[in-house]
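Colleague: Can you walk me through this one? I'm new to reading models.

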Amino acid sequence: LIGLAWRRVVHHGKAPDRHRPSSFARYGNWLQQRPWVTGAFALGVMLLIALPMLSLRLGFSDEGNFPEDTTTRRAYDLLAEGFGPGFNGPLLLVTEVPDGTDPATLERVTTAVAGTDGVAFVSPAVVSDDGTVARWFAIPETSPQDAATYSLVRELRGPVLEGATEGTDLDVLVSSGTAIGVDFSEYLAARYPLFFGVILGLSFLLLMAVFRSVLVPLKAVFVNLLSIGAAYGVVVAVFSWGWGGSLIGVSGGGPIEPFIPMMLFAIVFGLSMDYEVFLLSRIKEEYDRTGDNASAVGDGLALTARVITAAALIMVVVFGSFLLESDR
């Protein structure tokens with residue numbers, strides 16, 4: 001109703017001139033005259049932006065990414081300077097101690113952990129008062145968010161502790177905030193293929209049902225995946241590589257929180273596919289009306305460009321407002 005009223009007010013009851021020249025119409029015609037050149041250029045730019053995505057590493061950043069003037073960052077730097085960066089994320093090793101366990105067995109675990117590359121220090125085994133539980137603290141040589149620390153956790157859980165407890169009833173477990181970050185990152189990463197596959201598959205089927213085409217849904221899914229890849233590439237470049245991080249008050253060098261790719265995929269794919277359907281629906285309407293493929297594409301682009309561009313700018317402003325916050 002609002003749309004009909006607006007048309008009546010603006011055009012005084014007359015249908016709008018579909019062929020009225022506009023900047024978007026001229027832009028669409030220019031693109032249609034050289035589709036391969038402009039398509040290859042756009043594809044190259046998007047792939048270049050998405051390239052840093054190949055270095056995506058999931059994990060939780062530590063307090064070393066806080067602004068330098070915060071007490072959290074200052075305390076982190078003091079601990080790293082005085083005791084080493086790994087002191088900010090010690091690993092906790094715990095095991096049940098069966099009756100009759102030889103103390104030398106616990107000492108063997110201590111020796112094995114201390115001799116592992118990447119371990120700066122390990123405490124002796126501390127046994128509970130009732131003698132049923134033993135624990136160790138291991139200090140890595142690297143910071144909690146460092147990839148080497150994540151590899152150390154996996155190595156301790158694997159060959160190191162398995163070899164140290166072989167032939168015994170000990171089952172040494174590795175925990176701590178860093179170890180939880182490893183577990184959560186691997187848990188989500190293992191489920192990403194299913195998450196992405198379900199969304200992409202359903203989107204393809206729905207678009208195929210709406211537009212009665214296979215090529216159009218394939219193109220839509222590919223282009224939207226390309227835009228998401230570019231978003232991931234920018235995130236890695238800024239928050240892992242540190243490119244331009246100082247402009248928004250954050251430092252780089254850390255991993256990407258494991259829930260961020262999932263949220264980005266859901267939000268960016270939903271928004272971009274929304275615009276995609278809006279544009280394609282208008283093109284299909286024009287094609288059903290005229291039967292001319294070229295004019296349908298040009299008119300569909302010209303008639304929806306303002307709305308889509310305005311909607312995209314609104315989202316840029318909304319999400320861009322978060323850039324004023326220094327917390328990554």
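Modeller: Here is a short tour, topic by topic.

Modeller: This is a predicted model, where local features need pLDDT of at least 70, side-chain atom pairs count only at pLDDT 80 or more, and totals for chains, interfaces and linings use all residues. Residues are numbered from 1 along each chain as its sequence is written, and side-chain values use heavy atoms, with hydrogens and water left out.

Colleague: What does the protein average for pLDDT?

Modeller: The average is 88, and 94% of the residues score at least 70. pLDDT is the predictor's confidence in each residue, from 0 to 100.

Colleague: Where is the pLDDT below 50?

Modeller: Over residues 8-16. That stretch has 5 contacts in the model beyond near neighbours in sequence. Contact means heavy atoms within 4.5 Å. Where pLDDT is low, the predicted coordinates should not be read in detail.

Colleague: New topic. At what angle do α7 and α9 cross?

Modeller: Helix α7 (residues 177-211) and helix α9 (residues 260-290) cross at roughly 10 degrees, and their axes come within 12 Å. Axes are lines fitted to C-alpha atoms, for helices over the stretch in contact, and angles run from 0 to 180 degrees between N-to-C directions. Helices (H or I, at least four residues) and strands (E, at least two) are DSSP runs, numbered from the N terminus.

Colleague: Are they parallel or antiparallel?

Modeller: α7 and α9 are roughly parallel to each other. Angles under 35 degrees count as roughly parallel, over 145 as roughly antiparallel, 65 to 115 as roughly perpendicular and the rest as oblique.

Colleague: Which residues meet there?

Modeller: From α7, they include Phe-195, Ile-199 and Phe-211. From α9, they include Phe-265, Met-273 and Leu-280. The residues of this contact divide into 15 nonpolar, 2 polar and 1 charged. Here Ala, Val, Leu, Ile, Met, Phe, Trp, Tyr, Cys and Pro count as nonpolar, Asp, Glu, Lys and Arg as charged, and the others, Gly among them, as polar.

Colleague: And Leu-225, where is that?

Modeller: Leu-225 sits in helix α8 (residues 215-239). Leu-225 is partly exposed, with a relative accessible area of 34%. Buried means under 20%, exposed over 50%, and partly exposed in between (1.4 Å probe, protein chains only). Leaving aside neighbours within four places in sequence, Leu-225 is in contact with Leu-200 and Phe-265. The C-alpha atoms of Leu-225 and Phe-265 are separated by 8.8 Å, though the two are 40 residues apart along the chain.

Colleague: Now the core. Which residues touch the most other members of the largest one?

Modeller: Leu-93, Val-109, Val-113, Trp-136, Leu-156 and Leu-161, out of 23 residues. A nonpolar core is a set of buried Ala, Val, Leu, Ile, Met, Phe, Trp, Tyr and Cys residues joined through side-chain atoms within 4.5 Å. β1 (91-96), α5, β2, β4 (133-140), α6 (147-164) and α7 each supply at least two residues. The largest share, 7 residues, comes from α6.

Colleague: What does Trp-136 touch?

Modeller: Leaving aside neighbours within four places in sequence, its contacts include Leu-93, Val-109, Val-122 and Val-172. A second, separate core of 13 residues includes Phe-211, Ala-220, Met-273 and Leu-280.

Colleague: Is Pro-140 buried or exposed?

Modeller: Pro-140 is buried, at 2% relative accessible area. Pro-140 is in strand β4. Not counting residues up to four places away in sequence, Pro-140 touches several residues, including Gly-86, Leu-91, Val-119 and Leu-152.

Colleague: How about Thr-116, buried or exposed?

Modeller: Thr-116 counts as buried, at 7% relative accessibility. Thr-116 lies in the loop between α5 (103-114) and β2 (119-122). Leaving aside neighbours within four places in sequence, Thr-116 is in contact with Leu-152, Glu-155, Leu-156 and Val-160.
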